[in-house]
Amino acid sequence: MAIKGKFITLEGVDGAGKSTHLAWLEQHLRNLGHELIVTREPGGTPLGETLRTLLLNESMHIETEALLMFAARREHLDKVIFPALDQGKWVVSDRFTDASFAYQCGGRGIDENKLEILENWVHPDFQPDLTLLFDVSIEVSQQRLANNNAELDRFEKEQGAFFQKVRQKYLDRAAKYPNRIKVVDSSIALHEIQVKLAEILKII
């Protein structure tokens with residue numbers, strides 16, 4: 001029987017630098033000889049990408065937003081994540097369920113119990129093997145977003161107070177699940193971050 005793969009997720013507020021770190025992480029893991037799938041949430045499947053377009057651009061009720069996030073996630077798990085892991089591949093995802101708790105509970109204010117019900121429905125007894133939480137101050141993240149020439153989506157357009165609540169929920173979850181969620185200071189020099197990431201990856 002094939003050895004099951006590993007599931008790594010990247011989290012952080014918008015502007016934390018996940019995209020930069022994801023590119024390095026992908027190359028590092030490939031250099032170590034791992035067969036790799038790189039994906040994202042919301043998205044990762046044709047249906048998920050359609051839902052992503054709606055979620056990032058259309059105004060909607062906050063509970064509709066949460067439900068669509070988990071609908072996309074269920075499809076993602078079924079079509080991409082579970083099959084790859086069963087084949088022994090490693091899966092790296094730009095966001096997963098921690099993002100829902102951070103953005104929909106922390107940022108939007110949805111009752112956490114409601115998301116726990118969705119989490120237990122969509123992926124009971126399944127969590128990432130490792131979650132890398134890239135953390136920066138809201139001042140730094142907002143400055144990075146301001147310097148980004150790309151058009152901002154409706155989440156990125158939120159105000160600093162929203163992102164402060166998102167960041168705090170992320171940190172609360174890191175404190176609750178310290179064995180899985182590793183906080184990485186994303187404001188330090190890039191090469192220092194990469195050294196830290198390489199050390200963290202040795203634990204899984």
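Q: Leaving aside its neighbours within four places in sequence, which residues is leucine 132 in contact with?

A: Contact means heavy atoms within 4.5 Å. Once neighbours within four places in sequence are left aside, leucine 132 is in contact with Ile8, Thr9, Leu10, Glu11, Leu25, Lys182, Leu197 and Ile200. The model is predicted, and local features need pLDDT of at least 70, side-chain atom pairs count only at pLDDT 80 or more, and totals for chains, interfaces and linings use all residues. Residues are numbered from 1 along each chain as its sequence is written, and side-chain values use heavy atoms, with hydrogens and water left out.

Q: Which residues have the most contacts inside the largest nonpolar core?

A: A nonpolar core is a set of buried Ala, Val, Leu, Ile, Met, Phe, Trp, Tyr and Cys residues joined through side-chain atoms within 4.5 Å; buried means under 20% relative accessible area, exposed over 50% and partly exposed in between, with a 1.4 Å probe and protein chains only. In this model the largest such core has 35 residues, and Ile8, Tyr103 and Leu132 have the most contacts inside it. Helix α7 supplies the largest share of this core, five residues. Another core, of 16 residues, lies apart from it and includes Phe7, Ile81, Phe101 and Cys105.

Q: In what order do the five strands of the open sheet stand?

A: Strands (E, at least two residues) and helices (H or I, at least four) are DSSP runs numbered from the N terminus, and two strands pair if DSSP finds at least two bridges between them. Here the order is β2-β3-β1-β4-β5, with parallel pairing. The edges are held by β2 (36–40) and β5 (181–185), each with a single partner strand, so one side of each has no neighbour in the sheet. From one strand to the next, the twist averages 20 degrees. Five bridges join β2 to β3 (residues 90–94) in the parallel sense, and isoleucine 37 has valine 91 in β3 as its bridge partner.

Q: Which strands does helix α1 lie across?

A: Axes are lines fitted to C-alpha atoms, for helices over the stretch in contact, and angles run from 0 to 180 degrees between N-to-C directions. Helix α1 (residues 18–31) lies across β1 (7–11), β2, β3 and β4 (130–135), and runs at about 160 degrees to β1. Helix α7 (residues 160–176) also packs on the sheet, where it touches β1, β4 and β5; its direction makes about 140 degrees with that of β4.

Q: How many residues of helix α4 are buried?

A: Eleven of the eleven residues of α4 (97–107) are buried, among them Thr97, Asp98, Phe101 and Tyr103. These buried residues pack against β1, α3 (62–86), α5 (112–122), β4, α7 and β5. Just after the helix, glycine 109 takes a positive phi of about 90 degrees.

Q: Which side chain does threonine 97 join in a polar contact?

A: A polar contact is a pair of N or O atoms within 3.5 Å; within protein, one must be able to donate a hydrogen and the other to accept it, and residues adjacent in sequence count only if both atoms are side-chain atoms. The side chain of threonine 97 joins that of arginine 73 at 3.4 Å. Threonine 97, in helix α4, counts as buried at 1% relative accessibility.

Q: Where is arginine 180 placed?

A: Arginine 180 is in the loop between α7 and β5. Its relative accessibility of 9% counts as buried, and a polar contact of 2.8 Å joins its side chain to that of threonine 131.

Q: How many aromatic pairs does the count come to?

A: Rings of Phe, Tyr and Trp (its six-membered ring) pair if their centres lie within 6.5 Å; planes under 30 degrees apart count as stacked, over 60 as edge-to-face and the rest as tilted. The count comes to eight aromatic pairs. In one of them, phenylalanine 96 and phenylalanine 126 have ring centres 6.4 Å apart and planes at 85 degrees, so the pair is edge-to-face. This pair links the loop between β3 and α4 with the loop between α5 and β4, its members being 30 residues apart. Phenylalanine 96 and phenylalanine 126 are both buried. Tyrosine 103 and phenylalanine 162 form a tilted pair, with 6.0 Å centre to centre and 55 degrees between the planes. That pair links helix α4 to helix α7 across 59 residues. Tyrosine 103 is buried at 5% relative accessibility, and phenylalanine 162 is buried with a relative accessible area of 6%.

Q: Which residues do ring pairs link into a cluster?

A: The cluster consists of Tyr103, Phe155, Phe162, Phe163 and Tyr170.
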